[in-house]
Amino acid sequence: MPRHHFFRSARALLHRLAAAALAACLALPALAAEPVIIDVRTPAEYAQGHISGALNLPYDTIAAHITAAAPDKAAPVILYCRSGRRSAIALETLKGAGYTHAENYGGLEEARKRLEGR
C-alpha cells in the first residue's frame with residue numbers, strides 16, 4: 001500500500017474515532033448527573049412529608065417553573081406525587097417542553113423505594 005493511502009486511511013479512522021469519543025463524552029453528563037427530584041403534589045401535601053432534597057413544583061404549575069429547577073433539558077428529572085397520576089401529567093408536560101430524561105416514579109412510597117435502590 002502506498003504511504004499516502006495509508007495516511008489517508010489512518011486519518012479517516014482517527015476522525016471517526018474522535019467523533020465517536022466526542023459523542024460518548026457529551027452523553028456522560030446526563031448519565032452521571034444527580035437527578036433533580038420533584039414532588040408535584042400541593043405545598044400542603046409536601047409539608048406533610050416528602051423525599052429529602054425534593055423540590056416542590058405542583059404539577060399544574062411545573063411548566064412555568066421547571067427551567068429554574070432544571071435548566072438542562074438533558075438532565076435526569078424524577079417526578080413523584082401521591083399515587084402517580086399527577087406525576088404522569090407532569091411528565092407529559094416536561095416531555096412537551098423538551099426534557100429527554102424525565103421519569104415518573106409514581107407515588108411517594110414507590111419513589112422512596114426506587115431511590116433507595118439507586
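Predicted model: local features only at pLDDT ≥ 70, side-chain atom pairs only at ≥ 80, totals over all residues.
**Strand E3 and its neighbours in the sheet**

Q: Which residue in E4 is the bridge partner of Ile78?
A: E3 is also joined by four bridges to strand E4, residues 102–107, and these two strands run parallel. Val77 of E3 stands opposite Ala102 in E4. For Ile78, the bridge partner in E4 is Glu103.

Q: In which order do the four strands form the open sheet?
A: The edge strands, each pairing on one side only, are E4 and strand E2, residues 55–56. The pairing in this open sheet is parallel, and the strand order is E2-E1-E3-E4.

Q: How many of the residues of strand E3 are buried?
A: Val77, Leu79 and Cys81 point one way from E3, while Ile78 and Tyr80 point the other way, and all of them are buried. Strand E3, residues 77–81, is accordingly described as mostly covered, and the count of its buried residues is five of five.

Q: At about what angle to E4 does helix H5 run?
A: Helix H5 comprises residues 108–116 and lies across E1, E3 and E4. These strands are included in what covers the buried residues of H5. Relative to E4, the helix runs at about 120°.

Q: Which residues of H5 are buried, and why are they on the same side of H5?
A: The buried residues of H5 are Leu108, Ala111 and Leu115. They are on the same side of H5 because the arc they cover around the axis is only 60°.

Q: Which residues are exposed on the other side of H5?
A: The side of H5 that holds Leu108, Ala111 and Leu115 is where its buried residues lie. On the other side of the helix, the exposed residues are Lys113 and Glu116.

Technical notes:
Residues numbered from 1 in each chain as written. Heavy atoms only, no water. Buried < 20%, exposed > 50% of the residue type's maximum accessible area, 1.4 Å probe, protein only. Pairing = 2+ DSSP bridges. Contact = heavy atoms within 4.5 Å. Axes fitted to C-alpha atoms, helices over the stretch in contact; angles between N-to-C directions. Arc of directions from axis to C-beta.
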